[in-house]
Each structure stands twice: as C-alpha cells, then as structure tokens.
Amino acid sequence: MAYFEHNGKADENAPRETDTTIHFTNEFAAQLAALGGEVSAEEQEAIAALPSGSALLVVRRGPNAGARFLLDSDITTVGRHSNADIFLDDVTVSRRHTEFLRQGTSFELKDLGSLNGTYLDGVRIDSSVLKDGAEVQIGKFRLTFYASRVDLAHLASK
C-alpha cells in the first residue's frame, strides 16, 4: 500500500496527483458536437444548398457519426438490408426498419414494424410528420433532420 506525506505525516488518504493524457477520436468529437446541437460550417453549407423538396439527415450518434444522407425522392427506405436506400449496418436496425415519405415539400417518418422501433424526439412512433431539427432514432443511430431552407422560408412567408 502506498503512503503519501500529508502535513508531515504518512497518510494513506492524502490526495494524490494524477497526470493523464486523453486522446479523442473524430467520431467522439462528432458525437460531442451533436450533444451540444452544434452544426459544423460544412453541414451549414450543405443545409443551405438544399433545393426545394429535399432534406438532409445528419448522423449524430452511431458507428458512422457525421455521415449525411440526402432525402430527395418520394420514398427513402432505411434498414440493415443491402438494398435499403440508407444502409445502417448494426444489429439494432431491422432489415426494413423505416421509410421517409416525401409529400410535396414535407416529409413523414414511418416505422415498418421494426423490432426496436423508430423514435422521433425520444418518443416511439408509427408514423409522424418531421419538423426541421427533429431527432430521429433508428436502432442506436441518432440522426437530425434538416428541411430545405427554401421550403422553410416559403412556409414562414405564408
């Protein structure tokens, strides 16, 4: 047992100094930024460039944190199956997990009977309309939904 000197006496309960170095991965940095709701300059540019009728999903947590997926078709499938439009390779994701359905300039999220469910802002859903900045959870992946700024401006002007 180590003893440290405290006030001139050997004391096993005296505070010890510890010197450590911690290295963080890029994935951890992306996850940390996501917790703070931070959007990188590169992501801001991608979001600003979205044409009308499209949206962007940014992976905030999961094996591929930082990945971006463009939603620009009427139906976008998500799952662990290799034919999915958005392939999320993890056992917490069902082969056919969820779909993003575009209706004009709005998007709906629809669970396809997945085992672990689909969550919108922390609430399990069967189907729900997406709002800008919403958090979508599919298995252990957390993604943020960003609508086209053109469409948001058009909605705000009404």
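Analyst: Here is a walk along the sheet, strand by strand, and then a look at the aromatic pair.

A couple of ground rules before we start. This is a predicted model, where local features need pLDDT of at least 70 and side-chain atom pairs count only at pLDDT 80 or more, while totals for chains, interfaces and linings use all residues. Residues are numbered from 1 along each chain as its sequence is written, and side-chain values use heavy atoms, with hydrogens and water left out.

For the setting, the protein chain has three helices and 13 strands; these are DSSP runs numbered from the N terminus, with helices being H or I of at least four residues and strands E of at least two. Of its 158 residues, 35% are buried, where buried means under 20% relative accessible area, exposed over 50%, and partly exposed in between (1.4 Å probe, protein chains only).

Now the sheet. Five strands make up an open sheet with mixed pairing, in the order β6-β5-β7-β8-β11. The edges are β6 (86–87) and β11 (127–129), and each has a single partner strand, so one side of each has no neighbour in the sheet. Two strands count as paired if DSSP finds at least two bridges between them.

Start at the β6 end. Strand β5 (residues 75–79) runs parallel to β6, and two bridges join them; G79 has F87 in β6 as its bridge partner. β5 also pairs with strand β7 (residues 98–103), this time antiparallel, over four bridges, and there T77 sits opposite E99.

Next along, β7 and β8 run antiparallel and share six bridges. Their hairpin has two residues between the strands, and G104 takes a positive phi near 70° in it. Across these two strands, R102 stands opposite F107 in β8.

F107 is also our way into the aromatic pair. The count of such pairs comes to one, using the rule that rings of Phe, Tyr and Trp (its six-membered ring) pair if their centres lie within 6.5 Å, with planes under 30 degrees apart stacked, over 60 edge-to-face and the rest tilted. F107 and F145 are edge-to-face, 5.8 Å centre to centre with 65° between the planes. The pair links distant parts of the chain, 38 residues apart: F107 is in strand β8 (residues 106–111) and F145 in strand β13 (residues 141–147).
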